Amino acid sequence: YWTMMEADDAIGSVDLSLIEGGAAELGFLLRRDRWGLGLATEAAAAVIAHGFGPLGLTRLAAAVQAQNRAAARVLEKNGFKRVDARPVLLADGARRDCSFYLLTR
C-alpha cells in the first residue's frame with residue numbers, strides 16, 4: 001500500500017491486493033483536484049514495478065467502471081489490456097458496467 005502525501009494531506013492511494021498464484025489486483029484513488037496531472041499513472045507505474053520486481057508477481061488485474069475513461073487510460077498507459085466487460089453489482093447495491101484489465105510480466 002502506497003499513499004501520496006503532501007503537507008500531511010493524502011491526495012491519493014495505490015494498492016496491490018494479493019490474490020493467489022503470483023497475481024494481485026491493482027487499485028487506485030486520486031483526489032479530484034489532482035486529476036489530469038499524471039499522478040495516478042506515475043504512482044501506478046511505481047507500484048506495478050514493485051509488484052513485478054521485489055514481490056515477484058506474474059500478473060496484475062484491475063477493474064474500472066465502464067464510464068470512467070480516465071481510470072481506463074491510467075491502466076492502458078501502464079500496459080494493461082482490456083479482457084472483459086460486464087455488469088457488476090457494487091457495494092451500493094447498484095449494477096454498473098465494469099471493464100476488466102490484465103497485465104502480465
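How much space lies in the largest pocket? The legends below answer this for a predicted model.

**View 1. The largest pocket.** About 640 Å³ of space lies in this pocket. Its lining counts 26 residues. Closest to the pocket centre are Phe28, Asn68, Ala70, Ala71 and Val74. The lining divides into 17 nonpolar, six polar and three charged residues.

**View 2. Elements around the largest pocket.** At least two lining residues come from each of β3, α1, β4 and α2. Helix α2 gives the most, with six residues.

**View 3. Phe28 and its contacts.** Phe28 sits in strand β3. Residues up to four places away in sequence are not counted here. Beyond them, Phe28 touches Ser13, Val14, Ala40, Ala71, Val74 and Leu75. Lys81 is 53 residues from Phe28 along the chain. The C-alpha atoms of Phe28 and Lys81 are separated by 17 Å.

**View 4. The largest nonpolar core.** In soluble globular proteins, nonpolar side chains tend to be buried together. The largest nonpolar core here has 22 residues. Leu16, Leu26, Ile48, Leu60, Leu75 and Phe80 touch the most other members. Two or more core residues come from each of β2 (9–18), β3 (23–30), α1 (39–52), β4 (59–65), α2 (69–77) and β6 (95–104). Helix α1 gives the most to this core, with six residues.

**View 5. Leu26 and its contacts.** Leu26 is one of the core residues that touch the most other members. Set aside its neighbours within four places in sequence. Leu26 is then in contact with Val14, Asp15, Leu16, Ala44, Val47, Ile48, Ala61, Ala62, Leu75 and Phe80.

Notes: Residues numbered from 1 in each chain as written. Predicted model: local features only at pLDDT ≥ 70, side-chain atom pairs only at ≥ 80, totals over all residues. Heavy atoms only, no water. Core = buried A, V, L, I, M, F, W, Y, C linked by side-chain atoms within 4.5 Å. Buried < 20%, exposed > 50% of the residue type's maximum accessible area, 1.4 Å probe, protein only. Helix = DSSP H or I, 4+ residues; strand = E, 2+ residues; numbered from the N terminus. Contact = heavy atoms within 4.5 Å. 1 Å grid on protein atoms, 1.4 Å probe; cavity = no way out; pocket = protein on both sides within 12 Å on 5 of 7 lines; lining within 4 Å. Points joined across faces, edges and corners; volume = space filled by probe spheres on them. Nonpolar A, V, L, I, M, F, W, Y, C, P; charged D, E, K, R; others polar.
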